[in-house]
Amino acid sequence: MSTVERHRLIAQAVQEAGTATVAELADLTGASDMTVRRDLDQLAAQGVLERFRGGARTLLLRGDEPPFALRTHEAVDAKRRIAAEVASLITDGETVLLDSGTTCLEVARLLRGRQITVMPLSLQAIGVLGDAPEPTALLVPGGRPRAGEGALTGPLTLASLSALRFDTAVLGCCGLTAGDGMTAYDLDEAAVKKAVITSARRVIAAADGSKLGRTAHAYVGPSSVVDILVTDTTAPADETDALENNGTTLKIV
């Protein structure tokens with residue numbers, strides 16, 4: 001078992017059970033107690049869980065968003081397929097607004113060197129595109145990064161978005177349903193997503209199947225704000241059918 005897979009398994013076990021001991025996690029992963037202790041220290045440093053003597057406990061309340069460091073290891077293959085499809089929908093010469101989140105970060109990696117103008121809304125994507133070769137043109141918004149997430153929020157971000165117009169916005173989401181629409185875990189981030197939608201002529205939502213049929217507490221807008229949804233084959237069929245009936249074009253990869 002790789003370190004990444006072991007970390008994912010440990011984080012999932014702690015999240016689901018609330019707490020777990022080193023011995024329990026060693027049995028689960030087949031690793032030594034020493035290796036598990038080292039894993040827990042690394043995961044605690046990333047904000048994924050909280051260490052205590054002999055084990056770890058979750059930092060998540062019910063309905064909280066998993067930390068960015070943990071989400072980067074979830075559904076990686078699906079996110080890369082989704083990102084490739086999104087990138088194929090963007091044509092040379094476009095102005096592109098790129099939302100925060102792990103799937104949009106994969107999109108950023110594929111946009112390096114493309115003949116586009118792009119404004120990312122996360123520190124991670126800015127880092128990826130910061131040294132992009134020509135002809136990529138990078139715009140950097142103002143804003144305050146969310147701790148542990150790197151997503152830019154606040155009045156400066158909203159001002160940057162209100163001053164510009166884009167051909168395409170690539171939007172991530174925490175939840176998307178035909179009935180409840182698009183939702184986020186953070187109110188400030190929801191405000192940014194609303195401004196993104198207003199600033200773009202076309203909205204492409206990039207979301208793996210786990211996000212469909214889920215509702216978070218911060219409302220962004222009805223599902224009809226999404227022109228194209230790119231998701232993967234794990235998306236629930238009843239939800240994708242309902243979204244399509246609401247006017248969203250589906251791309252399932």
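Predicted model: local features only at pLDDT ≥ 70, side-chain atom pairs only at ≥ 80, totals over all residues.

Biologist: Which strand pairs with β6, and in what sense?

Modeller: Strand β5, residues 117-120, pairs with β6 in the parallel sense, over two bridges.

Biologist: What is the strand order of the open sheet?

Modeller: The sheet has seven strands in the order β6-β5-β4-β9-β12-β14-β15, and the pairing is parallel. β6 (137-138) and β15 (249-252) stand at the edges with a single partner strand each, so one side of each has no neighbour in the sheet.

Biologist: How many bridges join β12 to β9, and how many join β12 to β14?

Modeller: Strand β9, residues 166-171, is joined to β12 by five bridges, and the two run parallel. In that pairing, F166 has A200 of β12 as its bridge partner. Three bridges join β12 to strand β14, residues 228-231, again in parallel. There, A205 stands opposite L229 of β14.

Biologist: Is β12 mostly covered or mostly exposed?

Modeller: Mostly covered: of the seven residues in β12 (200-206), five are buried.

Biologist: Which strands does helix α6 lie across?

Modeller: Helix α6, residues 102-111, lies across β4 (95-98), β5, β9 and β12. Its direction is at about 150° to β4.

Biologist: Turning to α1 and α3, at what angle do their axes cross?

Modeller: The axes of α1 (residues 3-17) and α3 (residues 33-45) cross at roughly 75° and come within 10 Å. The two helices are therefore roughly perpendicular to each other.

Biologist: Which residues make that contact?

Modeller: From α1, the residues are R6, H7, I10 and A11; from α3, they are T35, D39, L40, Q42 and L43. By type, the residues of this contact of α1 with α3 divide into four nonpolar, three polar and two charged.

Biologist: What is T153 in contact with, leaving aside its neighbours within four places in sequence?

Modeller: With those neighbours within four places left aside, T153 is in contact with G143, R144 and R146, and also with D188, E189 and V192.

Definitions and conventions
Residues numbered from 1 in each chain as written. Heavy atoms only, no water. Axes fitted to C-alpha atoms, helices over the stretch in contact; angles between N-to-C directions. Helix = DSSP H or I, 4+ residues; strand = E, 2+ residues; numbered from the N terminus. Parallel < 35°, antiparallel > 145°, perpendicular 65-115°, else oblique. Contact = heavy atoms within 4.5 Å. Nonpolar A, V, L, I, M, F, W, Y, C, P; charged D, E, K, R; others polar. Buried < 20%, exposed > 50% of the residue type's maximum accessible area, 1.4 Å probe, protein only. Pairing = 2+ DSSP bridges.
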